[in-house]
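Look at the model first, then read the points below.

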Amino acid sequence: MQICIASIDEAYSLVPTLDKVWTDFAKRFGENRAKTFLAGRALLQKILHDFYQIEKLPFMRTLDNGKPIFEEARFPFFNISHSARTICIAVGSKNLGVDIEFI
């Protein structure tokens, strides 16, 4: 399992590496939510590239409980959490969860 913690600003600096589909999707959100959403997707893409040699972020779908998952089962499990100005992502071979809280 890999766990990565970064500031949202650090993760957001990776957004130019994302496909345009993600930035287009984020246009439906307000500014802060869009930034957090894109930062999470960009950091997840970097983790997938660095540890799994997956070049581009795979397509996702959302479960009934709101958790995003990859559409294809061949990709690893992941979970994203953010609080204040920090984002945390866990990626692994089994279903997992991560949660961070600003206190």
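K27 is exposed, at 65% relative accessibility (buried means under 20% relative accessible area, exposed over 50%, partly exposed in between, with a 1.4 Å probe and protein chains only). This is a predicted model: local features need pLDDT of at least 70, side-chain atom pairs count only at pLDDT 80 or more, and totals for chains, interfaces and linings use all residues. Residues are numbered from 1 along each chain as its sequence is written, and side-chain values use heavy atoms, leaving out hydrogens and water.

**Salt bridges**
- K27 forms a salt bridge with D24, with the closest N and O atoms 3.4 Å apart (a side-chain nitrogen of Lys or Arg within 4 Å of a carboxyl oxygen of Asp or Glu).
- D24 is partly exposed, at 33%.
- A network of salt bridges links K20, D24 and K27.
- E72 and R74 pair at 2.7 Å, N to O; E72 is partly exposed at 41%, and R74 is exposed at 63%.
- The whole structure holds six salt bridges.

**A link across the sequence**
- D19 and K56 meet in a salt bridge at 3.8 Å, N to O.
- D19 lies in the loop between helix 1 and helix 2, and K56 in the loop between helix 3 and strand 2, so the pair ties together parts 37 residues apart in sequence (helices, H or I of at least four residues, and strands, E of at least two, are DSSP runs numbered from the N terminus).

**A buried glutamine**
- Q45 is found in helix 3, residues 31-52.
- Q45 is buried, with a relative accessible area of 6%.
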